[in-house]
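Here is a short briefing to read alongside the model. Have the viewer open and follow the topics one by one.

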Amino acid sequence: MERDAAVAEQVEREYKATCPKGFWCSAGNTIACPVNTYNNETDRIDQGACAACPKNALASEGSVSIAACLCELGFYNALVDAVECTECPVGSDCVEVGATLATVPLLAGYYRTSAASEDLRRCPDFRNSSGCVGGVGDEGPCKPWLMGPYCKLCNVTDTSRYYDQRSSECLPCEGNVWVPLVLGAI
């Protein structure tokens, strides 16, 4: 009797071990979890094991974790360790499936303090020559040589460049301020 119980337990373990994550098994068949669902456990024997992705998220057939649920176009994942698809804010350019807060591209003329910020702001110099060039990146992203709030500071530690408000650029300082004074004195 004891031997029969041990054999039955062994058979049950071997049967269960044949149903992988992303699937559920029934009557010897391995069935993939449907599109937009996932299963992160092994040895599941009913379709109820396939959990639905959060609202506005997509996943392929047979997905094995919630991380496979990617936010659809026009949405981004606002969380780090989970999935919550939030509508992309004004100033963003969510044109790819799977955008996250850190990878939400900005439109040209918009700024945010870091890739972890949901607060997108329109730059004061909003137009084609704005220092805020858009795209993905930390603080800004800004034109070359620019940084800081609304991309209006030169990112040099010496006085070799200055911020030109008309062009929204950090331009090199040219000439020497003493030359006109010396020539004028002569």
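Which residue forms a disulfide with Cys-154, and how far apart are their sulfur atoms? The partner is Cys-170, and the two sulfur atoms are 2.1 Å apart. Please keep in mind that this is a predicted model.

**The link of Cys-154 and Cys-170**

- The disulfide of Cys-154 and Cys-170 is right-handed, with 125 degrees about the S-S bond.
- Cys-154 counts as buried because its relative accessibility is 15%, under the cut-off of 20%.
- Cys-170 is buried too, with a relative accessible area of 5%.
- Cys-173, by contrast, is in no disulfide; the nearest cysteine sulfur belongs to Cys-154 and is 8.0 Å away. That separation rules out a link because a disulfide needs sulfur atoms within 2.5 Å.
- Cys-173 has a relative accessible area of 40%, so it is classed as partly exposed.

**The link of Cys-71 and Cys-85**

- Cys-71 and Cys-85 are joined by a disulfide, with their sulfur atoms 2.2 Å apart.
- This pair links distant parts of the chain: Cys-71 belongs to strand S6 (residues 70–71) and Cys-85 to strand S8 (residues 85–87), 14 residues apart.
- The link of Cys-71 and Cys-85 is left-handed, with -90 degrees about the S-S bond.
- Both ends are buried: Cys-71 has a relative accessible area of 2%, and Cys-85 has one of 12%.

**The link of Cys-123 and Cys-132**

- Another disulfide joins Cys-123 to Cys-132, with an S to S distance of 1.9 Å.
- The link of Cys-123 and Cys-132 is left-handed, at -95 degrees about the S-S bond.
- Cys-123 is buried at a relative accessible area of 3%, and Cys-132 is buried at 1% relative accessibility.

- Where does Asp-125 lie? You will find Asp-125 in the loop between strand S10 (121–122) and strand S11 (146–147).
- Is Asp-125 buried or exposed? Asp-125 is buried, as its relative accessible area is 5%.
- The side chains of Asp-125 and Ser-130 make a polar contact at 2.8 Å.
- A polar atom of the Asp-125 side chain also lies 3.1 Å from the backbone nitrogen of Gly-131.
- Setting aside neighbours within four places in sequence, the residues in contact with Asp-125 are Ser-130, Gly-131, Tyr-163 and Ser-168.

**The largest pocket**

- If you are looking for a pocket to inspect, the largest pocket has a volume of about 260 Å³.
- How many residues line the largest pocket? The lining has 17 residues, and those nearest the centre of the pocket are Asn-77, Leu-79, Val-80, Ala-82 and Thr-100.
- Sorted by class, the lining of the largest pocket has 13 nonpolar, three polar and one charged residues.

Conventions: Residues numbered from 1 in each chain as written. Predicted model: local features only at pLDDT ≥ 70, side-chain atom pairs only at ≥ 80, totals over all residues. Heavy atoms only, no water. Helix = DSSP H or I, 4+ residues; strand = E, 2+ residues; numbered from the N terminus. Buried < 20%, exposed > 50% of the residue type's maximum accessible area, 1.4 Å probe, protein only. 1 Å grid on protein atoms, 1.4 Å probe; cavity = no way out; pocket = protein on both sides within 12 Å on 5 of 7 lines; lining within 4 Å. Points joined across faces, edges and corners; volume = space filled by probe spheres on them. Nonpolar A, V, L, I, M, F, W, Y, C, P; charged D, E, K, R; others polar. Polar contact = N/O pair within 3.5 Å; in protein donor to acceptor, adjacent residues only side chain to side chain. Contact = heavy atoms within 4.5 Å.
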